[in-house]
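Here is a short tour of a structure with more than one part. Have a look at it first, and then we'll walk through it together.

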Amino acid sequence: MNDMTMPEQTTKAEADYKFTAKGVDVFYADNHAIKDVSVDINDKTVTAFIGPSGCGKSTFLRCLNRMNDTIDICRVTGDIRLDGEDINDPKVDPVQLRAKVGMVFQKPNPFPKSIYDNVAYGPRIHGLASGKAELDDIVEKSLRRAALWGEVKDRLDKPGTGLSGGQQQRLCIARAVATEPEVLLMDEPCSALDPIATAQVEELIDELRQNYSLVIVTHSMQQAARVSQKTAFFHLGELVEFGETADIFTNPEDSRTESYITGRIG
Amino acid sequence: MDNTEQHIASAFDRDLDAIQGMLMKMGGLVENAILESANSLENRDVELAERVRDGDKDIDALEEQVNEEATRVIALRAPTARDLRTVMTVIKISANLERCGDYAKNLAKRTTVLAEIPPVSGADVSVKRMAREVQLMLNAALDAYIARDADMAERVILQDEDVDKLYNAIFRELLTHMMEDPRNITPCMHLHFIAKNIERMGDHVTSIAEQVIYLVTGKMPDDARPKKDKTPFMDGGS
């Protein structure tokens, strides 16, 4: 798989890779869910993971901030490095790792707290603000980044759960960016949203790309085509093809990729 | 992935098949127009020429239909990969075919003029041969499209050199006729436009063959073909 991890036109020095994963395997008890996956994720790039249900794309995404640690029967082997550092090293604190590698889930899951407290939660527990004024700043900045500020600035003390679905998802994104992560992982971030909210989140993804490395798992191939620069196609736990999004959608190399993206049985 | 693999949404297959069916129908009409216009010239058959001119409407209408359907498929089905290349090549090939139809129509139009004046010996036969050559090329290019056969398309591209050589020979022949007798100038000018138009048809057929290669391989072929049109450098004394 190594030969197709990077097409020539974007081959960059190792330093430009945010994540490098080599020979990653994941087992859920006896089930071999990810098979020898190696992939390099660029900084300031949106990378999309696509593939049919059960192909391992979400499982692999969850390896990147050790979310699989929370599942007892799950075992991850292989080498995953963030900025050259082994994230599975016993010295690495998974909580600190997840502050650097934020995550947004399929269903908006705001805390049953006020809008303000939802966003302030992360900065508080990580001690990122020295006082109320600084915390206010972080909350406003994060909500602005998530394109939600204008809609909620007059009701920051109202519960986050009272917002619409699209607003809740943007609140979760604001919460994720509040800790100034370096990478944002998104697992089906728009599947519960209407087309307008989806467009807003996609616009946001494009803006966030200026500062972050983003990895998005999506069932919508059109969404992958719209928002990402790199696309990885997973099938039956294998990384089948990884390349420039434009190439994957116009002239994929592997017949399995072609069958999947053109909607054929394969 | 083999060609017979079906979409999960079978209506998508039906849409693509329908567009390609229209394109092939268009190809058949154009092949016919090329042959019949050349026949009309050879036999000074004004009635046949009239039918060719009239038939161009059907070709134009089909092109419009192909474009409409292709637009609909892009809007409704968001085709990707091979499907996307199919839709893109259908649009381009239909434009090439439409131009070939126009050239055949122009040939037929000049036939009605040439029918009024005495023929220039030999030149008609050469033009007919050239038209036949292009029609065979088009036939092979369309077969290559149906079979998704890039090698066959490659051979069509090479065949265009023969058409260019025929054109060069006709150009020389017509120059000689015009120098021999100024009364030949009017028919020879018409015949030259006809030959030039057939040569242009060959270029459009070459472009169709290139589209077939793109459709099959995902890459446009390199334009390594030597240019055989030497007429810019010819003068009457050569």
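## Chain B on its own

Two residues are in contact if their C-beta atoms, placed from the backbone, lie within 7 Å. Take the contacts in chain B between residues at least 6 apart in sequence: 82% of them join residues at least 24 apart.

This is a predicted model, where local features need pLDDT of at least 70 and side-chain atom pairs count only at pLDDT 80 or more, while totals for chains, interfaces and linings use all residues. Residues are numbered from 1 along each chain as its sequence is written, with chains lettered from A and ligands numbered from 1 in the order in which they are written.

What is chain B built from? It has six helices and zero strands (DSSP runs numbered from the N terminus: helices are H or I with at least four residues, strands are E with at least two). Its C-alpha atoms fill a box of roughly 70 × 40 × 25 Å along the principal axes.

## Where the chains meet

On chain B, 14 residues are in contact with 13 residues of chain A. Helix α3 (residues 81-114) of chain B gives the most to that side, with four residues.

## A sheet in chain A

Chain A has an open sheet of six strands with mixed pairing, in the order β6-β7-β8-β3-β9-β10 (two strands pair if DSSP finds at least two bridges between them). At the edges stand β6 (101-104) and β10 (238-244) of chain A, each with a single partner strand, so one side of each has no neighbour in the sheet.

Further in, β7 (residues 183-187) and β8 (residues 213-217) of chain A pair in the parallel sense over five bridges. There, L185(A) stands opposite V215(A) in β8(A).
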